[in-house]
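User: I should like to learn how to read a structural model feature by feature. Could you guide me through this one, giving the general idea first and then the case at hand?

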Amino acid sequence: RSRMGRPRRLSRRFFREERVKLHVFRQHVRDVQLGLRTESDLIPSVSEVPVRLVEGQRVTAVHPETRELHTGAILGIPSTRTMVDPYDGREVEIIYYNVKFDERELGSPLVPDIDIMLRGVPKLMSYEGASAPYRQGAV
């Protein structure tokens, strides 16, 4: 047991540290998608990062008001906003996409990228030296 180190208990500090790690990881992925970073110690293989969503792609997303999953399509280009994380007070950059939901009454709100999932198999980033830049059958 001593080799495992001190056990981590569920605490505010633990959750704060994990949220910080998650924000940093997400920012690394966004940087790779934008071409600002070609490698990361947090991402095992940069060629496994999906490309950014583009207009017309079909998605499943969490509606910002109802917090329920619905299908729709990406409209236009994404916008970036900076927000303060309510848990740790850090400023984080979030990318928002305008999603036109299939159900007309849900409208076309801005949805954060962390609440959107592409329907189908995503295209992956490709870099020189990547052995398989795209999965077979990618959209």
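**Reading the model, feature by feature**

Analyst: Let us begin with one residue and its surroundings. Apart from neighbours within four places in sequence, D115 contacts T60, A61, V62 and R67. Please keep in mind that this is a predicted model.

User: R67 was among the contacts of D115. Where is R67 placed, and is R67 buried or exposed?

Analyst: R67 belongs to the loop between β1 and β2 (69–84). The cut-off for exposed is over 50%. R67 is exposed because its relative accessible area is 52%. The backbone of R67 also deserves a look: phi is near 60°, a positive value in a residue other than glycine.

User: How should I read the overall fold?

Analyst: One starts with the elements and their order. The chain has 1 helix and 5 strands, and along the sequence they follow the pattern α-β-β-β-β-β. Of the 139 residues, 31% count as buried. Of the contacts between residues at least 6 apart in sequence, 44% join residues at least 24 apart.

User: How much confidence does the predictor place in the chain?

Analyst: Confidence is given for each residue as pLDDT, from 0 to 100. The chain has a mean pLDDT of 82, and 83% of its residues reach 70 or more. Helix α1 (residues 12–34) has the lowest confidence, at a mean of 85, while β1 has the highest, at 97. Residues 128–139 call for caution: pLDDT stays under 50 there, and the model has 19 contacts beyond four places in sequence for them. Where pLDDT is low, the predicted coordinates should not be read in detail.

User: Which residues make up the largest nonpolar core?

Analyst: A core is read as a set of buried nonpolar residues joined through their side chains. The largest one here has 12 residues: L53, V59, A61, I74, I95, Y97, V99, F101, L106, V111, I116 and L118. Two or more of these residues come from each of β1 (58–62), β3 (91–101) and β5 (116–118). β3 gives the most, with 4 residues. One member, L118, contacts L53, Q57, R58 and V59 when neighbours within four places in sequence are left aside. A second, separate core has 6 residues, including V29, V32, I43 and M125.

User: How should I describe the largest pocket?

Analyst: The largest pocket has a volume of about 510 Å³. It is lined by 23 residues, of which V29, Q33, P50, D113 and I116 are the closest to its centre. α1 and β5 each give two or more residues to this lining, and α1 has the largest share, 6 residues. By class, the lining comprises 14 nonpolar, 3 polar and 6 charged residues.

User: What is the volume of the second largest pocket, and which residues are the closest to its centre?

Analyst: The second largest pocket holds about 310 Å³ of space. Among its 20 lining residues, H23, M83, V92, I94 and I114 are the closest to its centre. At least two lining residues come from each of α1 and β3, and α1 supplies the largest share, 6 residues. The lining divides into 9 nonpolar, 2 polar and 9 charged residues.

Conventions
Residues are numbered from 1 along each chain as its sequence is written. This is a predicted model: local features need pLDDT of at least 70, side-chain atom pairs count only at pLDDT 80 or more; totals for chains, interfaces and linings use all residues. Side-chain values use heavy atoms; hydrogens and water are left out. A nonpolar core is a set of buried Ala, Val, Leu, Ile, Met, Phe, Trp, Tyr and Cys residues joined through side-chain atoms within 4.5 Å. Buried means under 20% relative accessible area, exposed over 50%, partly exposed in between (1.4 Å probe, protein chains only). Contact means heavy atoms within 4.5 Å. On a 1 Å grid over the protein atoms alone, a cavity is a set of points where a 1.4 Å probe fits but cannot get out, and a pocket is an open set with protein on both sides within 12 Å along at least five of seven lines; lining residues have an atom within 4 Å of a point. Grid points are joined across faces, edges and corners, and a volume is the space filled by probe spheres set on the points. Ala, Val, Leu, Ile, Met, Phe, Trp, Tyr, Cys and Pro count as nonpolar, Asp, Glu, Lys and Arg as charged, and the others, Gly among them, as polar.
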